[in-house]
Amino acid sequence: MAQLGFFREDRRTLLDDATGEITYRPSLIEPASATAWFEALLRDVTWQPQRRRMYDRDVDVPRMVSGYRLDDESLPPPVAQAARLAGDATGVAFTDAGLNFYRDGHDSVAPHNDHLYEIVEGYPIALVSLGAVRRMTIRSKARPRRILDVDLENGSLLVMSYETQKHYDHGIPKVSAAIGPRISLAFRVRPR
C-alpha cells in the first residue's frame with residue numbers, strides 16, 4: 001500500500017484522519033514551466049468532447065478530455081514530466097494520466113468520486129493543475145457535512161488518498177466570472 005510521500009515545506013495538509021488524507025502543494029512546478037506545459041498540451045493533445053447518459057438522456061460533458069497510459073510512446077513530454085514530479089512527490093509509480101481541458105468558467109465537472117474498481121486500492125490520485133486558477137470543492141458524503149474549497153493554482157499538486165474516494169466527492173463548479181482556460185492532469189494507478 002502506498003503512502004503519501006514527503007513534501008517540502010510548502011505542502012499543506014487539508015485532511016488527515018480516518019476518512020483519508022488530502023494534501024495540497026501550490027508550487028510543484030515553477031510558473032514559467034507550468035505555463036509552457038499548458039501551451040504545449042493545448043497545442044499538441046487531441047482533445048475530445050464526450051457525451052454521458054444522465055437522467056435518461058445523453059448530455060455533453062462540459063469540458064474536453066484526453067488520456068494516456070504513462071508507458072505510451074506518444075506520451076507528450078509535459079505529461080511525462082508532470083508524472084515524474086507527481087511520482088517523486090508521492091513515492092508512487094503512476095500508470096495513467098487523465099487530462100481535462102476547461103475552456104472557460106462554463107466548463108466544469110460535477111461532484112463525484114473515482115470508481116474504486118478503476119484504481120488500485122491504497123494508491124492516491126494526484127492532480128496537477130496548469131493554467132487559470134479554478135476552485136475545487138471537496139464535500140464529505142456523510143454528516144456532519146464537511147466542505148473544503150481549494151483554489152488550484154498554476155503548477156500545483158493536489159493529492160487525495162484512496163480512502164477519500166469512499167468518503168468524499170470532489171468537483172470543479174461552473175463560475176459566472178470571466179476566467180481563463182485550465183488543464184488538469186489526473187495521475188492514477190489503474191489495475192491491469
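Helix 1, in this predicted model, has 14 residues and runs 20 Å from its first C-alpha to its last, close to the 20 Å expected at 1.5 Å a residue (the expected span being 1.5 Å times one less than the number of residues). Helices here are DSSP runs of H or I with at least four residues, strands are runs of E with at least two, and both are numbered from the N terminus. Residues are numbered from 1 along each chain as its sequence is written. As the model is predicted, local features need pLDDT of at least 70 and side-chain atom pairs count only at pLDDT 80 or more, while totals for chains, interfaces and linings use all residues; side-chain values use heavy atoms, with hydrogens and water left out.

Within helix 1, Ala34, Trp37, Phe38, Ala40 and Leu41 are buried, where buried means under 20% relative accessible area, exposed over 50% and partly exposed in between, with a 1.4 Å probe and protein chains only. These buried residues pack against helix 2, strand 8 and strand 13, with contact taken as heavy atoms within 4.5 Å.

On to the cores. A nonpolar core is a set of buried Ala, Val, Leu, Ile, Met, Phe, Trp, Tyr and Cys residues joined through side-chain atoms within 4.5 Å. The largest one has 31 residues, and Val79, Val128, Leu130, Leu185 and Phe187 have the most contacts inside it. At least two of its residues come from each of several elements, including helix 1 (31-44), helix 2 (77-90), strand 8 (125-131) and strand 13 (182-188). Helix 2 gives the largest share, 5 residues. Another core lies apart from it, with 19 residues, among them Tyr102, Ile125, Leu148 and Val150.

The whole structure turns up 2 aromatic pairs. Rings of Phe, Tyr and Trp (its six-membered ring) pair if their centres lie within 6.5 Å; planes under 30 degrees apart are stacked, over 60 edge-to-face, and the rest tilted. Trp47 and Phe101 make a tilted pair, 5.4 Å centre to centre with 40° between the planes. Trp47 sits in the loop between helix 1 and strand 3 (51-54) and Phe101 in strand 6, so the pair links parts of the chain 54 residues apart. Trp47 is buried at 13% relative accessibility, and Phe101 is buried at 11%.

The rings of Phe94 and Phe187 have centres 6.1 Å apart and planes at 40°, so this pair is tilted. Phe94 lies in the loop between helix 2 and strand 6, and Phe187 in strand 13, 93 residues apart. Phe94 and Phe187 are both buried.
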